[in-house]
Amino acid sequence: MLDTEHRGPLFGLLPGHEYGTATTDLRPGDLLLLYTDGMVERRGEDIADSVDTLGKVLARCDGLGPQDTLDRILDAYASDEHEDDTCLVALGVG
């Protein structure tokens, strides 16, 4: 599930700031996708719409492993769409 409601300061921006934490149970077969803001931020586009677009691409990856999921996500985005550094990490739960 993508969390588009959580808002807080940029990580590391405010020394000494307390950051909220959350936990969730991961089960075998789950996939955790971590990404930087460069993956979803586009000039002139609402960030919520961009996150929703990534969610739709990710939904079509159901059942795929980490590498195949990353490949499919990268195939869905043209490399010239990214104006900022982008990092994706996919972790599969075995």
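# Reading the labels on a predicted model

Guide: The protein exposes about 7300 Å², and carbon and sulfur atoms supply 51% of it. The model is predicted.

Visitor: What pattern does the protein follow along the sequence?

Guide: The pattern is β-α-α-β, made of two helices and two strands.

Visitor: How many salt bridges does the structure hold?

Guide: The structure holds two.

Visitor: Why is the pair D30 and R27 called a salt bridge?

Guide: The closest N and O atoms of D30 and R27 are 3.9 Å apart. The cut-off is within 4 Å, so the pair counts as a salt bridge.

Visitor: What makes R27 count as exposed?

Guide: R27 has 55% relative accessibility. Exposed means over 50%, therefore R27 is given that label.

Visitor: Why do the side chains of K56 and D52 count as a salt bridge?

Guide: For K56 and D52 the N to O distance is 3.3 Å. That value is within 4 Å, so this pair counts too. Side chains of opposite charge can pair when their charged atoms come close.

Visitor: Where do K56 and D52 lie?

Guide: Both lie in helix α1, which covers residues 47–59. K56 and D52 are four residues apart, about one turn of the helix.

Visitor: Why is D52 called partly exposed?

Guide: D52 has 40% relative accessibility. Buried means under 20% and exposed means over 50%; the value for D52 falls in between, so D52 is partly exposed.

Visitor: Which residues form the negative surface patch?

Guide: The negative patch is formed by D37, E41, D84 and D85.

Visitor: What does E41 touch, not counting residues up to four places away in sequence?

Guide: E41 touches I47 and D84. E41 and D84 are 43 residues apart in sequence, while their C-alpha atoms are 8.1 Å apart in space.

Visitor: Why is M39 called buried?

Guide: M39 has a relative accessible area of 1%. Buried means under 20%, so M39 is buried. M39 lies in the loop between β1 and α1. From M39 to D85 there are 46 residues in sequence and 7.9 Å in space, C-alpha to C-alpha.

Visitor: What share of the protein is made up of buried residues?

Guide: Buried residues make up 18% of the 94 residues.

Visitor: Which residues make the nonpolar surface patch?

Guide: L26, L32, L34, V89 and L91 make a nonpolar patch of about 380 Å². The elements that give two or more residues to the nonpolar patch are β1 and β2 (88–92).

Visitor: How do you know that V89 is partly exposed?

Guide: V89, placed in strand β2, has 33% relative accessibility. This value lies between 20% and 50%, so V89 is partly exposed. The patch cut-off is over 30%, so V89 passes that as well.

Conventions: Residues numbered from 1 in each chain as written. Predicted model: local features only at pLDDT ≥ 70, side-chain atom pairs only at ≥ 80, totals over all residues. Heavy atoms only, no water. Buried < 20%, exposed > 50% of the residue type's maximum accessible area, 1.4 Å probe, protein only. Patch = residues over 30% accessible without salt bridge, like charges linked within 9 Å, V, L, I, M, F, W, Y side chains within 5 Å. Areas by Shrake-Rupley, 256 points an atom, 1.4 Å probe, with all protein chains shown as cover. Lys, Arg positive; Asp, Glu negative; His and termini not counted. Charge placed at Lys NZ, Arg CZ, Asp CG, Glu CD. Contact = heavy atoms within 4.5 Å.
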